[in-house]
Amino acid sequence: MAKKRLWCKFAAMNSTYNYPQFRKLSNDRSFYAIHSADSMTEIKRSERKWSEYQLVARILPERLLIKDLLECSHEHYQIITASDFDYFKTFCQDHLEKNDL
């Protein structure tokens with residue numbers, strides 16, 4: 001029964017936010033495009049390389065990560081605009097080597 005209540009809580013998140021939403025870490029190393037309560041894209045930058053990850057949340061920790069990002073529940077998450085996300089992605093593509101995993 002508890003699992004069903006948790007899932008309902010996450011399903012309700014879709015009606016609370018207009019998607020997509022955009023966030024970043026305060027150190028400017030990771031930028032996030034949140035597509036829904038259970039789907040997001042992360043662009044992550046290291047020294048000279050960058051990576052792009054697509055996440056479809058299938059387990060509770062992944063859903064909680066997206067929830068934390070949406071709510072900016074930690075002070076290191078910051079709200080950004082779509083143009084901020086696009087600028088970061090373009091910068092990475094133009095100036096850094098892609099790290100293909």
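What covers the buried residues of H3? In this predicted model, the cover includes strands E1 and E2, strand E3 (39–45) and strand E4 (49–56). Helix H3 spans residues 82–95. H3 has 14 residues and reaches 20 Å from its first C-alpha to its last, close to the 20 Å expected at 1.5 Å a residue.

The buried residues of H3 are Phe-85, Phe-88 and Cys-92. Viewed down the helix axis, these residues fall within an arc of 65°, so they line one face of H3. An α-helix has 3.6 residues a turn, so residues three or four places apart point the same way. The face of H3 turned away from the buried side carries the exposed residues Ser-83, Tyr-87, Asp-94 and His-95.

The model holds 3 aromatic pairs. One of them, formed by Phe-22 and Phe-85, is tilted, with 5.7 Å centre to centre and 40° between the planes. Because Phe-22 lies in strand E1 (residues 21–25) and Phe-85 in H3, this pair ties together parts that are 63 residues apart in sequence. Phe-22 and Phe-85 are both buried.

The rings of Phe-31 and Phe-88 have their centres 3.9 Å apart and their planes at 10°; planes under 30 degrees apart count as stacked, so this pair is stacked. Phe-31 belongs to strand E2 (residues 30–36) and Phe-88 to H3, and the pair thus links distant parts of the chain, 57 residues apart. Phe-31 and Phe-88 are likewise buried.

Technical notes:
Residues numbered from 1 in each chain as written. Predicted model: local features only at pLDDT ≥ 70, side-chain atom pairs only at ≥ 80, totals over all residues. Heavy atoms only, no water. Phe/Tyr/Trp six-rings, centres within 6.5 Å; stacked < 30°, edge-to-face > 60°. Helix = DSSP H or I, 4+ residues; strand = E, 2+ residues; numbered from the N terminus. Buried < 20%, exposed > 50% of the residue type's maximum accessible area, 1.4 Å probe, protein only. Expected span 1.5 Å × (residues − 1). Arc of directions from axis to C-beta. Contact = heavy atoms within 4.5 Å.
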